[in-house]
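Q: Please take one part of this model and go through it closely, residue by residue. I would like to know what surrounds it and how it sits in the rest of the chain.

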Amino acid sequence: MPAATDTRLDLPVKGMHCAGCVGKVERALQGVPGVEKAVANLATERATVWLDPSRAELPALRAAVAAAGYQVPADIAPAPDRELGAQAALGLGRLLKDKGRDSEAREPLESVVRDAPGTKA
């Protein structure tokens, strides 16, 4: 588990097309000094990196990914956890409204949405 002082960084990674690619990106990122942990996701085309910002910087991460044969686009934007949690909850809420007419089925899911990080009751 990453140390409490580590910084979490989410990066888009272009060019992954299989599980082998995911492993290659993770190994490349974990080889950068200061990176505690790296997890790539093929479906979202993103890598989450926990790092010591005093030892690992974005140019080094980008270079490691490029050396592995993939790309971290130059125009990256942050994706805060709170925003993603709210977006996921909103999507689930719409599903409940549209598809979940049964109040017994809806209640447990509504409690999950209500308690999700970044959502408001």
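A: The side chains of Thr 48 and Asp 10 are joined by a polar contact of 2.7 Å (a pair of N or O atoms within 3.5 Å, one able to donate a hydrogen and the other to accept it; residues adjacent in sequence count only through side-chain atoms). This is a predicted model, in which local features need pLDDT of at least 70 and side-chain atom pairs pLDDT 80 or more, while totals for chains, interfaces and linings use all residues. Residues are numbered from 1 along each chain as its sequence is written, and side-chain values use heavy atoms, with hydrogens and water left out.

Thr 48 belongs to strand 3, and Asp 10 to strand 1 (helices, H or I, of at least four residues and strands, E, of at least two are DSSP runs numbered from the N terminus). Thr 48 has a relative accessible area of 14%, so this residue is buried (buried is under 20%, exposed over 50%, partly exposed in between, with a 1.4 Å probe and protein chains only). Asp 10 also counts as buried because its relative accessibility is 14%. The Asp 10 side chain has a polar contact with the side chain of Arg 8 as well, at 3.4 Å. Residues up to four places away in sequence aside, Thr 48 touches Arg 8, Leu 9, Asp 10, Lys 37, Ala 38 and Val 39 (contact means heavy atoms within 4.5 Å).

One of these, Lys 37, has its charged end over the ring of Trp 50, 5.2 Å from the ring centre (NZ of Lys or CZ of Arg must be within 6 Å of the centre and within 35 degrees of the ring normal).

Ala 47 is in strand 3 too. Its relative accessible area is 0%, so Ala 47 is buried. Beyond four places in sequence, Ala 47 is in contact with Leu 9, Asp 10, Leu 11, Val 13, Val 25, Leu 29, Val 39 and Ala 40. From Ala 47 to Val 25 the C-alpha distance is 8.1 Å, across 22 residues of sequence.

The loop between strand 2 (35–41) and strand 3 (46–51) holds Glu 45. Glu 45 is not a glycine, yet its phi is positive, about 55°. With a relative accessible area of 30%, Glu 45 is partly exposed.

The buried residues of helix 2 (residues 58–67) are Leu 61, Ala 64 and Val 65. Seen down the axis of helix 2, these buried residues fall within an arc of 95°, so they line one face (the arc is that of the directions from the helix axis to the C-beta atoms). An α-helix has 3.6 residues a turn, so residues three or four places apart point the same way. The buried residues of helix 2 pack against strand 1 (7–12), helix 1 (19–30), strand 2 and strand 3. Exposed Pro 59 and Ala 67 are on the face of helix 2 turned away from the buried side. After helix 2 comes Gly 69, with a positive phi near 105°.

As for the whole protein, four helices and three strands are present, in the order β-α-β-β-α-α-α from the N terminus on. Of its 121 residues, 29% are buried. Among contacts with a separation of 6 or more, 58% link residues 24 or more positions apart.
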